[in-house]
Amino acid sequence: MINSIPESYREFLKKINFASGLKLISFAAKIRKIKPEILINRFSGTNKLFYWNQPWQKIEFLAVGNVKSITANGFERTSLTEEQFKQLFPDFISNHAEFPDVTFPVFMGGLKFAPDLNKNLWDDYEDSDWFIPEFVIYSADEDCYVIYNTFTGNFDRETQIDKLKEFLGKLQNLNGNQFPAVSKIISTHSNEDDKNEKDIWINNIESALSTIRQSDLHKVVLARKVTTEISGFLSFDDVVTKLSNKYPDCYTFLYKSGASFFFGASPEKLVKFNGGWIESDALAGSAPRGSNENEDKRIAEELLSSAKNLTEQKAVTEFIAHSFSYFSDEIIYPENPVIKKLPNIQHLFTPVKAKLKEEKTIFKIIHEIHPTPAICGTPLMKAFQKIKELEDFERGLYSGAVGWFNFNCVGEFAVAIRSGLLKENKIYAFAGCGIVEGSDPLIEYEETRLKLQPIFSLFKDEKITKS
């Protein structure tokens with residue numbers, strides 16, 4: 001199958017008028033089944049790498065290399081991103097229509113929580129950071145495809161065919177018995193329960209509660225950044241495999257840019273676009289899992305009857321529904337939330353769906369819906385100001401958005417929580433909690449520890465220390 005692909009590509013190129021200006025061309029072909037996750041280490045030396053897995057839908061892909069970046073900074077980042085996206089649309093040529101039942105990604109990347117004024121930690125990422133990869137290995141159900149993207153400028157057909165042959169050769173030479181390499185990590189010291197860190201957290205929560213009592217701030221989501229120094233070999237084949245297996249109801253993602261790797265397993269859909277519909281998750285209110293079935297059920301029932309958590313959940317649901325109302329007259333969501341259970345935590349959950357009344361671009365909708373009260377608070381700007389006052393770090397991509405989209409206004413984005421950043425020899429993990437009247441600083445501290453588990457459970461020997 002792979003051997004016939006270069007000739008198919010040659011035939012595809014013959015149909016393109018190369019004299020008609022610069023064109024973005026995307027060629028897809030079916031290949032034998034390959035698990036994209038086992039290729040991450042192999043291609044980790046490239047400047048741009050993006051991995052995405054939705055285990056419950058059997059959709060997984062790995063994007064390698066960069067033929068076009070779409071980036072923007074500042075508070076106008078979404079509109080600036082959209083302008084660049086629109087400029088590419090008229091000059092896109094593909095053979096994707098040969099696979100009518102498959103939705104291929106074209107762009108992938110992430111959006112930061114907010115414009116990043118101090119880029120020291122996140123200097124490998126722009127505020128809005130998307131790219132078109134050179135190659136994608138895309139797996140859906142039992143089928144697998146290779147996608148090759150390039151521009152027609154300075155284009156030599158045989159050179160491009162040879163590039164495709166070279167990439168396919170790397171896939172063909174995979175050992176059928178190859179398994180993801182296992183991380184071998186030695187951590188330097190640590191103390192997750194660092195008293196100074198806990199004291200800072202308690203002071204921040206008390207400051208937030210004082211503001212809530214004395215103003216019209218109703219909720220603010222505060223986060224912790226926990227840092228671990230490591231030495232040894234960290235295999236991202238191994239990391240994403242563990243995350244996907246342990247959290248099969250979450251989006252597993254990895255975005256490498258420059259020397260930084262941002263990765264995680266998010267339970268929260270920011271927005272999905274498909275067939276004229278948009279969908280989002282209202283996820284707020286948290287509780288631990290029980291040690292047995294009866295205890296787990298009791299905790300879930302308490303969460304479903306908790307006035308504090310139900311109020312918090314309702315605010316997120318209503319925010320999403322209100323945001324969707326700018327684009328839709330048909331908004332659907334259940335009256336009461338249900339429980340979403342993850343291995344380490346359970347949440348109140350409400351799915352929200354809306355029918356677009358007219359064609360709207362992806363980034364206009366993202367601008368309206370992000371950040372939600374689940375990751376910032378209410379009212380939004382007052383909560384944002386309190387976050388900037390109390391948090392001593394830039395969130396960067398944490399609690400931003402990661403995902404993919406294409407020219408057909410189809411795409412899916414996760415809220416980038418339960419995530420970590422590897423940079424040089426340090427892993428930075430992030431976790432936050434919604435603070436409202438009645439919040440207990442110590443209970444919220446324990447909740448952040450639960451939310452840190454998806455990252456630090458990957459490294460069982462790790463010990464954690466505040467940076």
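Reply: Happy to! Let's start with helix 4 and helix 9, whose crossing is right-handed (the near helix is turned clockwise from the far one by less than a right angle). Before going further, please keep in mind that this is a predicted model, where local features need pLDDT of at least 70 and side-chain atom pairs count only at pLDDT 80 or more, while totals for chains, interfaces and linings use all residues. Residues are numbered from 1 along each chain as its sequence is written, and side-chain values use heavy atoms, with hydrogens and water left out.

Helix 4 spans residues 195–214 and helix 9 spans residues 380–390; helices here are DSSP runs of H or I with at least four residues, and strands are E runs of at least two, both numbered from the N terminus. On the helix 4 side the meeting residues are N204, S207, A208 and T211, and on the helix 9 side K386, E389 and L390 (contact means heavy atoms within 4.5 Å). Sorted by class, this contact holds two nonpolar, three polar and two charged residues; Ala, Val, Leu, Ile, Met, Phe, Trp, Tyr, Cys and Pro count as nonpolar, Asp, Glu, Lys and Arg as charged, and the others, Gly among them, as polar.

Helix 2 (residues 77–88) and helix 8 (residues 362–369) have axes that come within 9 Å and cross at roughly 170°. This pair is therefore roughly antiparallel too. T78, T81 and E82 of helix 2 make the contact with F363, K364 and H367 of helix 8. Here the classes divide into one nonpolar, three polar and two charged residues.

P379 lies in the loop between strand 19 and helix 9, and the bond from T378 to P379 is cis, with omega near -15°.

K58, between strand 2 (48–54) and strand 3 (59–64), has a positive phi of about 55° although it is not a glycine. C409, between strand 20 (401–405) and strand 21 (411–415), has a positive phi near 60°. K58 is exposed at 51% relative accessible area, whereas C409 is partly exposed at 23% (buried is under 20%, exposed over 50%, partly exposed in between, with a 1.4 Å probe and protein chains only).

Finally, two buried residues. N95, in the loop between strand 5 (92–94) and strand 6 (107–111), is buried at 5% relative accessibility. Its neighbours, leaving aside residues up to four places away in sequence, are F12, S26, F27 and A28. L458 follows helix 10 (441–456) and is buried at 9%. The C-alpha atoms of L458 and S183 are 9.1 Å apart, although 275 residues separate them along the chain.

Definitions and conventions. Axes are lines fitted to C-alpha atoms, for helices over the stretch in contact, and angles run from 0 to 180 degrees between N-to-C directions. Angles under 35 degrees count as roughly parallel, over 145 as roughly antiparallel, 65 to 115 as roughly perpendicular and the rest as oblique.
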